[in-house]
Amino acid sequence: MSHGAMGGRCFLNLLPCSTTPCKDSVGVGVGTPGSSSCRHSVHHHRARARGPRRNAAARVSCSAAAAQAPPSQSTIKVVIVGATKEMGRAAIAAVSRARGMELAGAIDTQCIGMDAGELSGMEEALEIPVLNDLTMVLGSIAQTRATGVVVDFSEPSSVYDNVKQAAAFGLSSVVYVPKIEMDTVTELSAFCDKASMGCLVAPTLSIGSVLLQQAAIQASFHYNNVEIVESRPNPSDLPSPDAIQIANNISDLGQIYNRQDMDSDNPARGQVLGEDGVRVHSMVLPGLASSTSVVLSGPGEVYTLKHDVTDIQSLMPGLILAIRKVIRLKNLIYGLEKFL
């Protein structure tokens, strides 16, 4: 999919709220992160058994390594924008327990002053309050010269300014904002090229969803009939972004699907996405998991690909992967699949 951009808009003024948990706050139930030991400690232990000279050498090696690569410089500092959203709360916990990462800021318009750990349902406070001043947090990170990433879960109208602010302080960005316009992505792409700054705009952070899409592309070359069947617990955004993305990916591949009735306007046949006859059927039933199936058929066989999402935690491995990879970029890429 082509790069896109977002129109610049003013960053929202954030309104304070009480220090009591937000009414929609749900704990994600994760443990506290563990500490890591010096990577040379095993060699140091073995050297002790071999003699004092080896033992001393191991101590010098360990000390030298620590001096050359202090943890504070190798740790990725992460700022979460949209921290009080469900995705933001889950991301706070995931980043806090990820090796080589450290939560450095939580930004939102609500729950100002509330501890980020308490907000995300962690057992211990992180001593990082929710703030409404992104510039102040970015400036603090820039002073330490640490590697940093801004994870943006905010609103389409805020993304361009947030990425621009992050780049001004030397931080890369991961953007997961539904309904972001492709014009905005195009503008962001041009900006990131000029600034030589990395940015990922991700329509989905689900690794499973990306793998489903890749498998659908591969299979679509071998089948003449394909339909997408999805279920969602609520009626918003239908067809879903996942269904639209799959239909876009398997269109324009030189294949025309469902030729026998591709011109049918019977509502029971579902909605046609694109010009290649890909149909999507959306079920909305409370209690159903979010599920996406791609059903392909040929003479004498049916091939079904399916992906179910039962919890927002399914997006966290993709987020952690994106944070680790985006710091190596010097431009904008669209889609988590570029990292797989």
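Trainee: Let's start with the overview. How many helices and strands does the chain have?

Mentor: The secondary structure comes to 11 helices and 12 strands. Keep in mind that we're looking at a predicted model. Of the 340 residues of the chain, 46% count as buried.

Trainee: What share of the contacts comes from residues 24 or more positions apart?

Mentor: Taking the contacts with a separation of 6 or more, 74% are between residues 24 or more positions apart.

Trainee: Okay, sheets next. What holds the strands of a sheet together?

Mentor: Strands pair through backbone hydrogen bonds, and they can do so parallel or antiparallel. Now look at the case here: 5 strands make an open sheet with mixed pairing, in the order E8-E9-E7-E10-E11.

Trainee: Which strands stand at the edges?

Mentor: Those are strand E8 (271-273) and strand E11 (301-309). Each has a single partner strand, so one side of each has no neighbour in the sheet. On average, neighbouring strands of this sheet are turned by 25° against each other, if you ignore direction.

Trainee: Can we go through one pair? How many bridges join E7 to E9?

Mentor: There are 6 bridges between strand E7 (residues 225-232) and strand E9 (residues 278-284), and the two run parallel. You can follow the pairing residue by residue: glutamate 227 has arginine 279 in E9 as its bridge partner, and valine 229 has histidine 281 in E9.

Trainee: And in which sense do E8 and E9 pair?

Mentor: E8 and E9 are antiparallel, with 3 bridges. One example is glutamine 271, whose bridge partner in E9 is valine 280. E8 and E9 form a hairpin with 4 residues between the strands, and glycine 274 takes a positive phi near 80° in that hairpin.

Trainee: What packs on this sheet?

Mentor: Helix H9 does, touching strand E10 (290-298) and E11. The direction of H9 makes about 165° with that of E11. Then there's H10, which lies across E7, E8, E9 and E10 and runs at about 165° to E7.

Trainee: Now for empty space. How do you find where it is left?

Mentor: You roll a probe the size of a water molecule over the atoms, and that shows where space is left empty. In this model, the count comes to 1 cavity of 30 Å³ or more. The largest cavity holds about 60 Å³ of space.

Trainee: Which residues line the largest cavity?

Mentor: The lining is made of Pro203, Thr204, Val210, Gln213, Pro241, Asp242, Gln245, Gly335 and Glu337. Helix H9 (207-220) and helix H10 (241-250) are the elements that give two or more residues to this lining. H10 gives the most, with 3 residues. By type, the lining divides into 3 nonpolar, 4 polar and 2 charged residues.

Trainee: How much space lies in the largest pocket?

Mentor: About 1,600 Å³. The largest pocket has 49 lining residues, and Tyr176, Pro178, Asp237, Pro241 and Leu315 are the ones nearest its centre.

Trainee: Which elements each supply at least two residues of the pocket lining?

Mentor: H4, H10, E10 and E11 do. H10 has the largest share of the pocket lining, with 5 residues. The pocket lining divides into 23 nonpolar, 17 polar and 9 charged residues.

Trainee: Let's finish with single residues. Is glycine 88 buried or exposed?

Mentor: The general idea is to compare the relative accessible area with a cut-off, and buried means under 20%. Glycine 88 counts as buried because its relative accessibility is 0%. Glycine 88 sits in helix H4 (residues 86-97). Leaving out residues up to four places away in sequence, glycine 88 touches Ile80, Gly82, Ala83 and Phe153. The C-alpha atoms of glycine 88 and serine 154 are 9.2 Å apart, although 66 residues separate the two along the chain.

Trainee: Where does threonine 75 lie?

Mentor: Threonine 75 is in the loop between helix H3 (71-74) and strand E1 (76-81). Threonine 75 has 14% relative accessibility, so it counts as buried. With residues up to four places away in sequence left out, threonine 75 touches Gly100, Met101, Glu102 and Thr147.

Note on methods:
Residues are numbered from 1 along each chain as its sequence is written. This is a predicted model: local features need pLDDT of at least 70, side-chain atom pairs count only at pLDDT 80 or more; totals for chains, interfaces and linings use all residues. Side-chain values use heavy atoms; hydrogens and water are left out. On a 1 Å grid over the protein atoms alone, a cavity is a set of points where a 1.4 Å probe fits but cannot get out, and a pocket is an open set with protein on both sides within 12 Å along at least five of seven lines; lining residues have an atom within 4 Å of a point. Grid points are joined across faces, edges and corners, and a volume is the space filled by probe spheres set on the points. Ala, Val, Leu, Ile, Met, Phe, Trp, Tyr, Cys and Pro count as nonpolar, Asp, Glu, Lys and Arg as charged, and the others, Gly among them, as polar. Buried means under 20% relative accessible area, exposed over 50%, partly exposed in between (1.4 Å probe, protein chains only). Contact means heavy atoms within 4.5 Å. Two strands pair if DSSP finds at least two bridges between them. Axes are lines fitted to C-alpha atoms, for helices over the stretch in contact, and angles run from 0 to 180 degrees between N-to-C directions.
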